[in-house]
Amino acid sequence: MRLNENITKLEQNYLFAEIAMRVRRHREEHPEAEILSLGINDVTRPLAPAVCDAMSVAAQEMRHADRFHGYGDVQGEMFLRRAICGYYRTFKVGIEPEDVFVSDGAKSDLANLCDLFAPDSTVLLPNPVYPVFYDTSVMAGRRIVFARGTKENGFLPMPQEHIHADLIYLCSPNNPTGAVYTRAQLQAWVEYAHAHQACIIYDAAYEAYIRNAALPRSIFEIAGAETCAIEINSFSKMAGFTGVRCSWVIVPRALTTGGQSLHRLWMRRQATKYNGTSYIVQRGAAAVFSAEGQRQVRMDVQYYMENADLIRNALRRSGVFTTGGEHAPYVWMECPYHLRSWDCFERLLRYHGIVSSPGAGFGAQGEGWLRFSSFGSRETIELAAHKLSALDWDQLALWQASGG
Ligand code: PLP
């Protein structure tokens, strides 16, 4: 047998598996220690009642021969695609149900979209960013160039004309930095994509966390995006579907290259490799967009954002620099005294029982930074905020100097 050599080029562990492994080891060594988890991507609030009710009704339908659902429309049920378009209309974006593809998660969508593009495509990735962008590009054997996020550019890297790319991944609000592009900045990316005949893959998984109405919630708010961009969004963070699994991809019919329609090719790809999203799950997802569903899921988003405020304020009180956490459930902290990310992570875990995510795991530009997630329970976040606000970083740095 011959392996895909590209897969052997990946780090041994996926970032969040590595964090979980280190936390497990710490637990085994210190079974008595209290651990406050601010490191995870996962939500903790229960599903909205409107969603559970809709899924219960759908499950009961399956008992009856005349209302049973077998294989569905591979593109997604029309009732859900229409509801998604209705959601876009609330922020004045016109999307047609024909352009919407429902599926089982943004992670799979991000990976699967690789199928559309030539193996020797050059991919432009923001750095730092959600590690799946990089890992899937490595597995596909792509040439990768980076758009570097820094403290100076507010972790919102902009295109550079002299660097060519065929495929551009953007994530706004960004995981891990929480940075959000403005309309003018996205306009510059759309113009760059047109100039390079490139396609933008826009990950809007945290769109529901944007609190400022002036900030764009979709790439399709930008003129010209429908001929150069694909958008991915997910019910995971907007409505707690991390365990239920449902997402969508917008591939506009206007998006073509060399006379080929990307919409048609994506439809062809999905018809071969995907058999549709569970009917029960799609009923639950559609309930997210009902008036009651929206009221309920927005309360959860607000809950997580209040957590983010608690974390941000606590860290600032302790004297460190932070950014993010205003339009995203992640607070991004600069490690003081030039501590390296994993070093700072280990010390926070060992001496304070606080789990974070090392910025270096999101790309080289994340080195020296930590991400704090606001997806925990209020109780966990309050305990962590209490510890963080009183944290003595000089002491932490001394531990480092003396090897802990
Ligand atoms: N995109 C980003 C930026 C994410 O942070 C995540 C999950 O953390 C995903 C996509 C994956 O979402 P899903 O649960 O829909 O696979």
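**Exercises: the ligand site and the cavities**

The ligand takes up the space of the second largest pocket. The model is a predicted one.

**Exercise 1.** Describe the shell around the ligand: which residues come nearest, and which elements give two or more residues?

*Solution.*
- Step 1. The ligand has 14 residues around it, and D203, Y206, S234, S236 and K237 come nearest.
- Step 2. Two or more residues of the shell come from each of α4 (106–112) and α7 (235–239).
- Step 3. By class, the shell holds 5 nonpolar, 5 polar and 4 charged residues.

**Exercise 2.** Find which side chains place a polar atom within 3.5 Å of an oxygen atom of the ligand, and state how much of the ligand the protein buries.

*Solution.*
- Step 1. For K237, a polar side-chain atom is 2.7 Å from a ligand oxygen.
- Step 2. N175 has a side-chain N or O atom 2.8 Å from an oxygen of the ligand.
- Step 3. In the side chain of R245, an N or O atom is 2.8 Å from a ligand oxygen.
- Step 4. The ligand taken alone exposes 390 Å², and the protein buries 95% of that.

**Exercise 3.** Determine how many cavities of 30 Å³ or more the structure has, and what lines the largest cavity.

*Solution.*
- Step 1. A search of the whole structure gives 3 such cavities.
- Step 2. The largest cavity holds about 70 Å³ of space.
- Step 3. Its lining has 14 residues, with M238, A239, G240, D300 and Y304 nearest the centre.
- Step 4. α10 gives the most to this lining, with 4 residues.
- Step 5. The lining divides into 10 nonpolar, 1 polar and 3 charged residues.

Terms used
Residues numbered from 1 in each chain as written. Predicted model: local features only at pLDDT ≥ 70, side-chain atom pairs only at ≥ 80, totals over all residues. Heavy atoms only, no water. Near = heavy atom within 4 Å. Polar contact = N/O pair within 3.5 Å; in protein donor to acceptor, adjacent residues only side chain to side chain. Areas by Shrake-Rupley, 256 points an atom, 1.4 Å probe, with all protein chains shown as cover. 1 Å grid on protein atoms, 1.4 Å probe; cavity = no way out; pocket = protein on both sides within 12 Å on 5 of 7 lines; lining within 4 Å. Sits in = over half its atoms within 2 Å of the grid points. Nonpolar A, V, L, I, M, F, W, Y, C, P; charged D, E, K, R; others polar. Points joined across faces, edges and corners; volume = space filled by probe spheres on them.
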